[in-house]
Amino acid sequence: MTEMLQYDFMQRALIAAALVGLVAPVIGVFLVQRRLALLGDGIGHVALTGVALGYLTQTSPLLLALAVSVVGAAAIELIRVRARTGGDVALALLFYGGIAGGVLLIGLAPGANSATLTGFLFGSVSSVGEEDVAVVVALAAVVLAVIGFFWRELFVLCQDEESARASGLPVRLLSLVIAVTAALTVVVSMRVVGVLMVSALMVVPVAAAQQLARSFRVTALLAMAIGLLCSLGGLTGAFYVDVAPGAAIVLLTLAVFAVAVAAGYVLRAATGRARVRADGPSPGPDDPGTVGTMPQTERGSVSR
Amino acid sequence: MTAESVAERAGADSGPGSAPPAFLVRNAVVAYDRVPVLHGVDLTVPRGQVLAILGPNGSGKSTLMKAMLGIVPLVSGSVEVHGTPLRRFRDWGRIGYVPQRLTAGGGVPATVREVVASGQIARRRRLRWSAPSDRAAVDEALDALDLAGMARSSVHELSGGQQQRVLIARALAARPDTFVMDEPMAGVDSENQRALAAAITALRERGSTILLVLHESGPLEPLLERGVALSGGRVVHDGPVPRPSGACARPGHDHVHPHADAEAAAAPSALPEFEVPRRD
C-alpha cells in the first residue's frame, strides 16, 4: 500500500478517483429516477468533441470539454422539450454527434490523432497532472454544493414532474440544473475512468444501492459509499495487477451490483417471512401489499 | 355558458365573505400540437366548495385541471388562483395537488415519510433542517390517512390504494386550504376507497376547497356540492351532480340546463330540459 503512495502520479490519481466515486452517484441517483441513466454517457461523447476542439485550438482540452458538454447538456434538454422526440432519441442524437465531431476534429488537430482520444475514452490515470487535480477538486465542490442546494426541489422533480409544476417549482430550470451538473460530473470523471465509463460510475452504484435501501437518502449515501470504495479499490487493484484502471473500477462496481441484487433478494425474503409471522397467516399471492407501481410511460420527457 | 352567467354565479356562491374565488377560469383554450382540447371554458370555484369535474375520457377534464394549475399552458384565456393571475401566483403552499398515480420513475426507493414530507416543498425554507412544526405536520398527514405504521416502508412496495393515500397525505403535509385531486378513486380497492372518502370528508368539514376530476361520481357522490360536466372540451353541465342513473350522466350527451344555477338545484324537474346528442 505504501509502495503505491510513493508515486506522485498515484497520489494524484487516488484523489481524483475518490472525488469521482463520491460525486458521480450523487447526480446519478437523480438521473436514474428520471430515467435518464444514459445521459452521462451521451454527455461524455459530446465532451470528446470538446477534447478534440481543445487539441485543435491548442488550448486546454479539459476546459473546452467542460464548455462543450455543458452546451450539449443544455441542448439535450432543449431537444426533449422543443422537438417531438423522447429522451432516448435526444440522447442518441447526442451520442452520434459527439463521437463523430470528436473523431473529425482530432484528425484536423496538429500532433494529435484518434489515439489521443483513447486516453479520454478509457481514462489515463498516469497523465493526471496537478492542474487536473485542482480542476477536479473545484468541480466536485461545485457539483456537491449545487445538488445540496437544490436537493428537495430535485427530489420532488424526479418523483413526478407534474406535482413539481403544481408546487410552483421552476421545472425547466431544475431540469437544466440536473443536465448541467451531470455535464460537470462527466468532465470531472473523464480523466480518471474515461468517457465510456463515466456513466457507469453514475448509474451502477445507484443501481446497487437501490437493491438494498428503502429510502431515497439512504440510497444516495450508500451509492456514494459504493462509488468511493470501488474507485479506490479499482485503482489500487489496477496498480498492482497492472490492468486498465477505468475498466477495473467499472467491473468492481458491477461486481458490487451483482452482490447487492443477491443480498436484496435474501433481505426481502427475510423481512417478508418476518412480516408474515407478525401478521399471522399469509393472505396469499394476491396480497394487496404487492401490487406493482405503474411504470412511467413517458421516459424522461417533459410534460407539456 | 357565458362569461356573464359565470360571473353572476360567482357573486351568488362566494357567500358573505369578500374572499376571491379559489379558481377563476375565463375562456380557457388549451391545445396539444395545435389541436384544441379545450374550447373556451369558463369556471368559477368559490372558496370552500366541493366540486367535481366530470366527463368521459377525452372530454378535456384532466386538461382543464392541469391548465388551472399551470401544468399545461393556455393558448388563450386566463386563470386566477385565489385572486392572483396564475403566472404571478406564488402561494403554492395553499394548493394541495394529488396526481392520478404515483409514478415509479427509475425505481429509486423513497419511504412513505420522505414522499409525504416532500409535499412541504412550497412552504419550506431552503438549506434548513425540518422544524418541529414541519415534522408535526407530516405526522398529522400520516395519521390522517392511517399511514403512520408504514412511514418507513418504500412507497414502491405498497398497493395502488395505499399509494393513493400517500399522495393525499403528501398534499396534506403543507396544510393547504385548496385541494385538486385527479381521479383519486381510480383503481383503488373498496377498503382504501373508504379511507380516502373519510379523509376527503374530514377536509370538507375543515372548510377546504376541493376540486375533483372524476370519470364518474361513484362513492364520492354524497360529498359533491356541484358537478361540472365536460364533453369535447366544452362545459355541458354545471349544477347539481348528475345522478348516475340520470340522463345527463350518459357520456356523449349534451345536457343543457337553461338556468344551471341554484334555482335549478332547488327544483330541477320543474324546468324544461333539452337533450342534445353530441357528436365528437
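Here's a quick briefing on the structure above, taken topic by topic. Keep in mind that this is a predicted model. Two chains meet in it, with 37 residues of chain A in contact with 36 residues of chain B. Chain A carries a set of annotated transmembrane stretches in its UniProt entry, while chain B comes to seven helices and 12 strands.

**Where the chains meet**

- The contact between the chains takes in 37 residues of chain A and 36 residues of chain B.
- On chain A's side, five helices each supply at least two residues: H2 (8-33), H7 (130-159), H8 (161-166), H10 (195-212) and H11 (216-241).
- Sort the chain A residues that touch chain B by class and you get 16 nonpolar, 12 polar and nine charged.

**A helix pair in chain A**

- H2(A) and H11(A) pack against each other, their axes 8 Å apart and at an angle of about 150°.
- Angles over 145 degrees count as roughly antiparallel, so that's the label for H2(A) and H11(A).
- As for handedness, the crossing of H2(A) and H11(A) is right-handed.
- The contact of H2(A) with H11(A) has 19 nonpolar and five polar residues, and no charged ones.

**A closer look at A:Arg35**

- You'll find A:Arg35 in the loop between H2 and helix H3 (39-56) of chain A.
- A:Arg35 counts as buried because 23 other C-beta atoms sit within 10 Å, and the cut-off for that is 20 or more.
- A:Arg35 and A:Ser231 are 196 residues apart along the chain, and their C-alpha atoms are separated by 24 Å.

**Transmembrane annotation on chain A**

- An unreviewed UniProt entry gives the annotation "transmembrane region" to residues 12-31, 62-79, 91-113, 133-151, 171-188, 194-213, 220-241 and 247-267 of chain A.
- In the model, residues 91-113 of chain A are 78% helix and 0% strand, with the end C-alpha atoms 26 Å apart.
- Residues 171-188 of chain A are 100% helix and 0% strand, and there the end C-alpha atoms are 26 Å apart.

**Chain B in brief**

- Chain B has 280 residues, and 46% of them count as buried.
- Take the contacts in chain B between residues at least 6 apart in sequence: 68% of them join residues at least 24 apart.

Conventions
Residues numbered from 1 in each chain as written. Chains lettered and ligands numbered in written order. Predicted model: local features only at pLDDT ≥ 70, side-chain atom pairs only at ≥ 80, totals over all residues. Contact = placed C-beta atoms within 7 Å. Helix = DSSP H or I, 4+ residues; strand = E, 2+ residues; numbered from the N terminus. Nonpolar A, V, L, I, M, F, W, Y, C, P; charged D, E, K, R; others polar. Buried ≥ 20, exposed ≤ 12 C-beta atoms within 10 Å, placed from the backbone. Axes fitted to C-alpha atoms, helices over the stretch in contact; angles between N-to-C directions. Parallel < 35°, antiparallel > 145°, perpendicular 65-115°, else oblique. Left-handed = near helix turned anticlockwise from the far one by under 90°. UniProt positions renumbered as here; feature names shortened; annotations may be inferred.
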